[in-house]
Amino acid sequence: MSVMNTSQLSLIEKFLDLATVRQSLLVSNIANVDTPGYRAQDIDFHGELVRALNQDVGVPVPATVRQVPGLLSRPDGNNVSVDREGLLLAETQLKYQAAIQAMRSEFSLVRAAVNAT
Amino acid sequence: MNLFGMMQLSGSALLAERERAELTATNLANAETTRTVEGGPYRKQNVVFQASHPFATGFAATLASFTDIHTQTVQVARVFEDHSAPIRRFDPSHPDADATGYVDLPNVNPVEEIVDLVEAARSYQMNVSAIQTTKAMIQAAIQIAA
């Protein structure tokens, strides 16, 4: 195993990819909070991460986007919950930053190895 | 969709909510206007929001259709006039009163307008929060190399 191609780095990379997909859907949901008939969308974060890790080779399969079940629909057919979106927005941001920190510490190991002499 | 695209997406919502708030302000300002260019009292205006896929035309749309099939921007599809009946008030001294002494006033309900305005402002703030989150993520990503 080479130091630049660790399983940790690919795990972090997939995590960041999924966090970006989720963020895009959250942003889309929030933008359409007043659009009649719009339905909130999301991905199964954990399930998608497990799936991405088990699929090591080949073209990455895009995450399956689904409508969020169990949300209360307003009379205009829109079911975006501001509380849910706001909470997940904060959560996704923190998860993303945590993953970036993990990636930085991976790289600092590489840097340490480079400077070892 | 990349992180910068998400900021554009939230930006589309800011524009839409701003237009909605502007129309509410117009309605409130003209709540007592009995004369318009088209004749008759002012009529309440409102917006129709529509979800649409980003970059809706040309090459970019084709390219995006392969990757971003789920994220949707919001836009003001059209501005419509509310054609419900004007509010009639008995005021014979008013220059625009008809033969029976009633004046046709705009069909603007100030309470409805204020509720709309607050809703637009809250949605605007929500989208600003979304932009700040996306911004923090971009800044974090820049830090990888630092």
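**Notes on the A/B interface and the spaces around it**

1. Chain A and chain B bury about 2500 Å² between them, with 67% of that on carbon and sulfur atoms. Buried area here is the accessible area (1.4 Å probe) that two parts lose on being put together, summed over both. Keep in mind that this is a predicted model, where local features need pLDDT of at least 70 and side-chain atom pairs count only at pLDDT 80 or more, while totals for chains, interfaces and linings use all residues. Residues are numbered from 1 along each chain as its sequence is written, chains are lettered from A in the order in which they are written, and side-chain values use heavy atoms, with hydrogens and water left out.

2. On contact (heavy atoms within 4.5 Å), chain A puts in 28 residues and chain B 31 residues. The polar side of it comes to 7 residue pairs in polar contact, both at pLDDT 80 or more. A polar contact is a pair of N or O atoms within 3.5 Å; within protein, one must be able to donate a hydrogen and the other to accept it, and residues adjacent in sequence count only if both atoms are side-chain atoms.

3. On chain A's side, α1 (7–31) and α3 (82–114) each supply at least two residues, and α3(A) gives the most, with 11 residues. Helices (H or I, at least four residues) and strands (E, at least two) are DSSP runs, numbered from the N terminus. By class, this side of chain A has 15 nonpolar, 10 polar and 3 charged residues. Ala, Val, Leu, Ile, Met, Phe, Trp, Tyr, Cys and Pro count as nonpolar, Asp, Glu, Lys and Arg as charged, and the others, Gly among them, as polar.

4. How many salt bridges cross the interface of chain A and chain B? The rule (a side-chain nitrogen of Lys or Arg within 4 Å of a carboxyl oxygen of Asp or Glu) finds 1. That one pairs B:Arg20 with A:Asp34, at 2.9 Å, N to O. Over all chains the search gives 16 salt bridges.

5. B:Arg20 and A:Asp34 turn up again in the second largest pocket: together with A:Arg74, A:Asp76 and B:Glu119, they lie nearest its centre, out of 21 lining residues. The volume of this pocket is about 390 Å³. α3(B) gives the largest share of its lining, 5 residues, and the classes split into 9 nonpolar, 5 polar and 7 charged. For the record, on a 1 Å grid over the protein atoms alone, a cavity is a set of points where a 1.4 Å probe fits but cannot get out, and a pocket is an open set with protein on both sides within 12 Å along at least five of seven lines; lining residues have an atom within 4 Å of a point. Grid points are joined across faces, edges and corners, and a volume is the space filled by probe spheres set on the points.

6. The whole structure has 1 cavity of 30 Å³ or more, and the largest cavity holds about 40 Å³ of space. B:Arg20 is in its lining too, alongside residues including B:Asn27, B:Gln45 and B:Glu113. α1(B) supplies the largest share, 4 residues.
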